[in-house]
Amino acid sequence: MDSESTAIHLNQWTLILLSVLLLALAACTEPDRDSGVAESVTMSAAEAQDADKRSGQLPEVTPAKEQQVNYIETGDLRDIRKHGTIRFVNLTGASEDLLPRDDVVSLRHFELANKLAKQLKLEPKWIKAETPDDAVQMLIDGQADVIAYNLTVTDAREEIIDFTVPLRHSRLVLVTGPEGPDISDASKLKDLEFIIPAGSSIKETAEQLVAENPNSNLTIREIDINGNRDTLLDIINGQKNRVAILEDFSAQDLRNYRDDMRIGADVSEVQNIAWGVRKDSKRLHTTLDNFLTRNLVKSQEERITDWKGIKKSGVIRLLTYNGPTTYFLWKGVLMGFDYDLAQAFANKHKLQLQVIVVPYEEDLADWLRAGRGDFAGAELNITSAREDQGMVFTKPYVESTDQIVSGKGSPPITQIQDLNGRKLTLRAYSSFIETAETLKEAGIDVDIRVAPPDISQSQIFSLIADGLVDATISHSGRAKIEASVQPQLVLGTLIGDPRPQGWMVLRQNWHLLQNLNKFLKNYRKTSQYQKQYQAYFEPNKRFTQRVSSRVIPGENLSPYDELVKESAFKYDFDWRMIVAQMWQESNFNPKAVSPVGAQGLMQVMPATAEEMGFPPPLFEPERGIKAGVKYMDWVRDRFNPALPTVNKLWFTLASYNAGYGHLLDAQRLAKELGLDPNVWFDNVEVAMLKLAQPQYFKRARYGYVRGSEPVQYVRNISNLYKAYVEMMSDDVTVRPPLQRLPGKIYCEPGDVPEGVIQRMPTYSSP
């Protein structure tokens, strides 16, 4: 055997030995978790490349964490235009923002900034800073052009940067947990610790309070929260003597979805909140001021007004629920059938849309009568009972037939007579109660049970799938989608004729009703309406199909293997995993377009593609792959570097599918449930499933998510990835987790009836 072959074999045996040693070390240092997940980790692709470079076999490679923007520019708008881009910096990165629950939705920093970029005919680029002070320094150094963030205007900052017109005014307030100290009066503060976001101007106020109360034993601790106020709140709840200082609007935002906090006394005068620009950028500064002045709209208080009053205010308010077909956040984009139609109506009349999310346990009609909104919509059947309450309905915007849904563990309900002796669990306040009572009056011996007000339709579906509830009634479109992602659900008989659904308006607001009717009549004839209907009421076939890609030893995995290898190598991913993901996303169809507008082989949302530097369309294979893999890298880079490599991969896939924010919510919920927030399978995925339930998503920063989708998405890809690795084992890489034995998982106390054991939905294990 020649010396070259000997060297090659020695290298191979060295890598194999290293793999065995790493596996042994992992087994010794990390005991089996309660979840039963066994993880097998060999040398990563990056480590293998480093080893090869040290031996002189590969040239130097550009680091994987490629900067989205890599130039310095300290000039004004004229100089910025030369680059064709405008760089926005904030503390959350690209499209990460909380779900607006009672705000004008177009006033999110992301929407405003991208709208500005479009008007300037520049490509928006988003950069994440760790702290407000870091964002200011990046602006000064020419690494960013605009701080698009709620930046507090202070004397110290005004010396080094300029500020736009105020976006809002605020005061700083004291915040603590339910068992925290008395914060009703700043002079009563004693024996406590202020928890302050690092690099924030809030520190000045905390230092002032300490100085004014020298004998009160007040201390200050700064923490990095990366723009996530939930982290701050979790920390102050960790001990009874902790207090935070927040802008009043931030505190109110938190209180919209968290009840584990108290807001106390004001500790500052009124402060201006604005965006930041560099000194001596007069043209950019003026452009920003003019743009913001035209686009800023004050949120409306409770009011009952006619169409003339709505037009005068410039704002129209939609009352709805946070849910799968109404209003939700997906991949950083606000979506929902009711939301999309309401936004189209607002745009037509040049109004700003304000969405007010009504708690599940309360009735939309009550909020409408109280003047908290102008119209209401959330899969509302047009019923005489509502009209008796003083409501009127618009012309229908969709028709849906009521349908029975049951579980595989019970006899199917294929005709109405099959309901005899069965139990129907129905959503509170829903028209399905009236439908069921009509059946009973017609002689059907059915047991009607109304769920507690905080139980959503999604949760009822999950209880049926787990065998804890017998059956329910749902709109047929919604039932079809739920059954596509929960195979334990069985669609049963349709009940009656299609029933119209519409928006609800107060009877006296007849002029608004006329305008809504005219809009709906015309809009239903458009192709845009048809696309939106399919997006929300027709299952995504690519997602629901059984993933069984053709795997033939010796042949390519896909027609795009070489393109995938190039991008995967650049960003340190296993190319076989990217191919598995590409199959799940598009079935290797470069022209694929999802119902919600994602494009290409990797199904990247157009807004996300622009953020990554790949303006749509993305139908050219190389362009689509590069955009998707770059976004995968961007998402992966958001997680803690100490997170185990394999779990970071699953977290990245889940975030790619549902959005980074929902993954953060799921990690936080997993910790609350006593699960491991750093392990995906059987831990964070359990929490992700619960985020479809109101008692959990109403306390989540990013709100409702159909958790079954990212859960099934990760499992499908991990299954196929494992098959690819076993077939093509020429790469040294991270392997999928070993198959775990089936086991029982019990739900939290109070989730199910007493004495009932709840099992996880039966997904195929990797």
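Is K565 buried, exposed or partly exposed? K565 is partly exposed, with a relative accessible area of 32%. The views below come from a predicted model in which local features need pLDDT of at least 70 and side-chain atom pairs count only at pLDDT 80 or more, while totals for chains, interfaces and linings use all residues. Residues are numbered from 1 along each chain as its sequence is written, and side-chain values use heavy atoms, with hydrogens and water left out.

**View A. A salt bridge joins E562 and K565 in helix α21.** The closest N and O atoms of the two side chains are 3.5 Å apart (a salt bridge is a side-chain nitrogen of Lys or Arg within 4 Å of a carboxyl oxygen of Asp or Glu). Helix α21 covers residues 561–570, and E562 and K565, three residues apart in it, are separated by about one helical turn. E562 counts as exposed at 58% relative accessibility (buried means under 20% relative accessible area, exposed over 50%, partly exposed in between; 1.4 Å probe, protein chains only). Helices (H or I, at least four residues) and strands (E, at least two) are DSSP runs, numbered from the N terminus.

**View C. R699 and E672 link distant parts of the chain.** The closest N and O atoms of this salt bridge are 3.5 Å apart. R699 lies in the loop between α28 (694–697) and α29 (708–727), whereas E672 belongs to helix α26 (residues 660–672), 27 residues apart. R699 is partly exposed at 24% relative accessibility, and E672 is partly exposed at 40%. Through shared partners, salt bridges join D230, D234, R258, D260, R668, E672, R699 and R701 into one network.

**View D. W126 forms aromatic pairs with F88 and F110.** Rings of Phe, Tyr and Trp (its six-membered ring) pair if their centres lie within 6.5 Å; planes under 30 degrees apart count as stacked, over 60 as edge-to-face and the rest as tilted. F88 and W126 are tilted, at 5.3 Å centre to centre and 35° between the planes. F88 lies in strand β1 (residues 85–90) and W126 in strand β3, so this pair ties together parts 38 residues apart in sequence. The rings of F110 and W126 have centres 5.7 Å apart and planes at 50°, so this pair is also tilted. Both F110 and W126 are buried, and F88 is buried.
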